[in-house]
Amino acid sequence: MNKKTYILVSLIWMPFTAALQAQQPVAPTDAPVGSARGENYGNYNITDSFETGYRWKSVGGDIGKYQSDVNFGNGLRLLGSNLTIDSRDGHGHYFDQLILTTQGLGNDPYQFASFRVQKNQLYRYDLLWRETAYDDPALTIANGQHLMNTSRRMQDHSFVLFPQSNFRFFLGYGRDVQDGPALSTIQLFNSPRADEFPLFENIRRQQDEYRVGAEAIFFGMKLSVLRGWEVFKDDTIDQVNQFQPGNNPTDAVTLSSFQRSQPYHGTTDNWQVHLLTDKSRFYSVTGRFAYAGGSRDFIFNQNAIGADRGDPSRTRQTYIYGSGRRPSLASSLTLSLFLTKKVTVVNNTAFNNTRMDGNNTYTEITDSTQQANTVNFQYLGIRTVINTTDLNFRATDWFTLYSGYQFSTRHIKSIEDGAFPGDPLTGITAEQNNTIHAGEFGLRLRPIKPLTVTVDAEIGRADHPFTPISEKNYHALSGRVQYKWKSVVLSAFSKANYNNNSISITSASSHSRNYGASASWTPAAWFSLDASYNKIHLDTLSGIAYFLSGSLVNSTSVYVSNIHAGNLGARFSVRKRVDLYVGYNHTQDTGDGRSTASVLAQSSAFNGIDPFYLAQTFPLIYQSPLARVSVKLNNKIRWNLGYQFYRYGEQFFAQQNYRAHTGYTSLTWAF
Amino acid sequence: MGVLRAFSLFFVVLVVTPAQNRPATTPLAATAGGYVGGSVCKTCHPNVTVSFYKNPHYKSVASGKEPPERTGCEGCHGPGKAHVEAQGGKATIPHAFSLMPPAAILDRCLTCHVKEVPRANIRRSSHTLADVVCTNCHSIHKSTTPQFLLAKGQADLCSGCHTDVRAQFSMPFKHRVLEGAMKCTDCHNPHGTAAVTWRMGLRPRMVSQALATEEPCLKCHIDKRGPFVFEHGGVRVEGCETCHSPHGSMNAKLLKRPVVFTVCLECHNGAGTFGRENIGVYTQSSSHNMADPRFQNCTTCHVRIHGSNADATFLR
């Protein structure tokens, strides 16, 4: 798109961005079918709807990027379904409520199902199931050699016995499985005079979680205890079965065979205890104690055969075994004081303590000669004490003042060591304390019933940030106005965050400013309009250091992002028979305003193009218009047709750009 | 059958009609405290009561054991005697939620819901502090969702105020919330949470914790949990948001910068007293020549950047 066309399109588009709101993918259809009140069968009432149809797609450009962003494909689907069964007197024989909701079953990339069945007083069972296809070519990461084409299947079961009783019992089980092919990379043989090789990776990970617990109410208090066990295993393997010249084929390092297995198994047993009191006239108290004791064991076995500099036949075997532990404790106590009807003070004190340590034994055999045999140990401990106090003063029914003070102190201890077996571990020990103080102030106004105004400000000071980009001297300002009257909702907000983390050698400053406005208007049952616009601005300046041909360079990293995000949705209904929805979504980063990527070197050392200058901005457009029509054939059947277009366009680099046409047709029916 | 229908009609006329035409001065058979019972409310509000059996609050009616102040219409709205005697009017309802200030709404709902663990931190939640209370999200009588009495579907409901977050979910790289694969409540507890265990623990106040002690990212990203022999200090101390924008991003892998080396070098500059050893976060090795494109892709070699069991510099 040339500049004139771009300006023209922008001018046409801008009026619509004055007040936009977002949209969801074109399918499943959200038009209702069947009786809203359902049908009565005996003592039960049933509502249901099922949408079955065919999806299609046509993609031009980088299909890998399309699969990463959108990923809807071709084929028959149960696009969505809803089933609810309710007993009409609350005394069903086996259950009083049953709810089943599904989405995308059949082969959509995002499949979802939830199920609930419960009988009052006796039990409640919930199931959540999801399957997500994860395709990511990640062309801009690691030269595109960290591709993933995996699927993730998650399920969670939760059972409550006597849900309305003073004594309840819980059982739960969850499973998360990730598997599929992927690419990874390995650096061989002798860093840094080595080469990088892509690997085939067969990902196989699984987590099972078991939960059991109980709650009891006595003397105006509730005590809740939950015990859980997370069991994890990762049996991913990596291999290369044919000659690989490496990413830098001009050097002498090659790889002809590679196998790696690294089984990594362990458990995290955990406790959660809560104590809650009734709200009395003057106070309420909640307490929490949580503990998770994570541990993992592993063995790492890697065999590589290839050629190294000066060694045309190199073999390297690496054996590593060891374990890691992470006991973690989190506790807090919240005291709410209702001093008068107008004044509430809430104080929270929390104590968190996490200790991580791990050790391994490392053995490396190169060309049948043991090159290394070491024992390594690392420890990282984080202990944090947090205290926050919030004060609410409700001056009138339409005017509230809020203020808060927050304090946190964190102690970090680190030990790092490596030694030959038998030698003592002396360790590099370091300790530090970080402290932050922050104050907040806010106003909440409701001068007339439809209008609400909130204003907030926060200022904080930290004495010892952990990283150069952490919060140090910061302040944040935000405000929101909302007008809600009958069929109109108008709102606007502004948020600004400023952080300055400067020291004598380097500095990091970050300014983010968000502005947004949205409108929703439903003047009649046959027409509604939703719209929103957001500007998300970020500019950062960070001190960086890097090496150029062995010389250290102190410089700055600048990043500027100016994202304009707009969304428009309009819904029309014709004679209660035809529903039409049109929408448009536009997200655009205009960057720092430069028109081309190619610039002369900021430093002659880079032979033409400075990578840091290129990294300062990344303008692109992502847009997606859609249209959908739904026709009511009779009270129990609707016919739906939809189309959605996606366009991804980077301004400077076109390798990932694509255009995709997607659509579907379906029948929604109720029995 | 006809006799039965005639008897039913007679019964309705006999019982219901006098109730509808009852003059204001007619004394009600109210219990102590002015509670009249839900059947009286049904006379004038049949649209509310006809499908109330689908409402979770109907459990209090079905049990038949709850006292009047904890069941049915009056369980939430208060005793109805004055309202009935005045023949309607919001002003005569002791707890008319549309007329109540936010704090009063919260107090009213917490009368019953105060002792539920997911709401244990509601008093300190960002929503409560901003006067966003129960009825801003929940519609007790006109809910559009089969569970949780939400006024809208969850994604629409949250993005009604958090339009900037919804804009992030419309970016090319995002968690699939608008697509229905995830929900806001997978990571957030809109009723408030305990102090988080990462960063300095002050914020955020609405993010759930995996296994009650960890960032919610680890609920799904199970391979990043660890523990590892070699932990990446920045990840464990400051959290995933040090490098990632969790809702959505214009950059691959939800990174905060479009190019990986800038993410790394903004911390790894060796300056000051940052990092786990108080001597600055390590600079890159002097053997890394940034004029060579191979060194501009940090994670090509440092593949285990979230933590490694084999190598202190995350090479494998």
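Two strands are said to pair if DSSP finds at least two bridges between them. The views below are taken from a predicted model.

**View 1. Strand 10 of chain A pairs with strand 13 of chain A.** Strand 10 covers residues 221-234, and strand 13 covers residues 264-277. These two strands of chain A are antiparallel and are joined by 14 bridges. One residue pair to locate is A:Ser224 with its bridge partner in strand 13 of chain A, A:His274.

**View 2. Strand 9 and strand 10 of chain A form a hairpin.** Strand 9 of chain A comprises residues 193-218 and also pairs with strand 11 of chain A. Strand 9 and strand 10 of chain A run antiparallel, with 14 bridges between them. Within this pairing, A:Ala214 has A:Val225 of strand 10 as its bridge partner. Two residues lie between the strands of the hairpin, and A:Phe219 adopts a positive phi near 50 degrees there.

**View 3. Strand 11 of chain A pairs with strand 9 and with strand 12.** Three antiparallel bridges link strand 11 of chain A to strand 9 of chain A. A:Phe200 and A:Gln239, the latter in strand 11, are bridge partners. Strand 12 of chain A, residues 254-261, is also antiparallel to strand 11, and four bridges connect the two.

**View 4. The side chains of strand 11 of chain A alternate between two faces.** In a regular strand, side chains alternate between the two faces of the sheet. Which residues of strand 11 of chain A point to one face and are buried? They are A:Asp238 and A:Val240.

**View 5. The largest nonpolar core contains 51 residues.** B:Val260, B:Phe261 and B:Cys264 touch the most other members of this core. Strands 17, 24, 25, 27, 28 and 29 of chain A, along with helix 14 of chain B (260-265), each contribute at least two residues to the core. Helix 14 of chain B provides the largest share, with five residues. Another core, of 20 residues, lies apart from this one; its members include A:Ala292, A:Ile386, A:Ile436 and B:Trp198.

**View 6. Chain B has domain 1 and domain 2 in its domain assignment.** Domain 1 spans residues 23-99, and domain 2 spans residues 221-308. How many Å separate the centres of these two domains of chain B? Taken over C-alpha atoms, the centres are 60 Å apart.

Notes:
Residues numbered from 1 in each chain as written. Chains lettered and ligands numbered in written order. Predicted model: local features only at pLDDT ≥ 70, side-chain atom pairs only at ≥ 80, totals over all residues. Buried ≥ 20, exposed ≤ 12 C-beta atoms within 10 Å, placed from the backbone. Domains from an automatic or database assignment. Core = buried A, V, L, I, M, F, W, Y, C linked by C-beta atoms within 7 Å.
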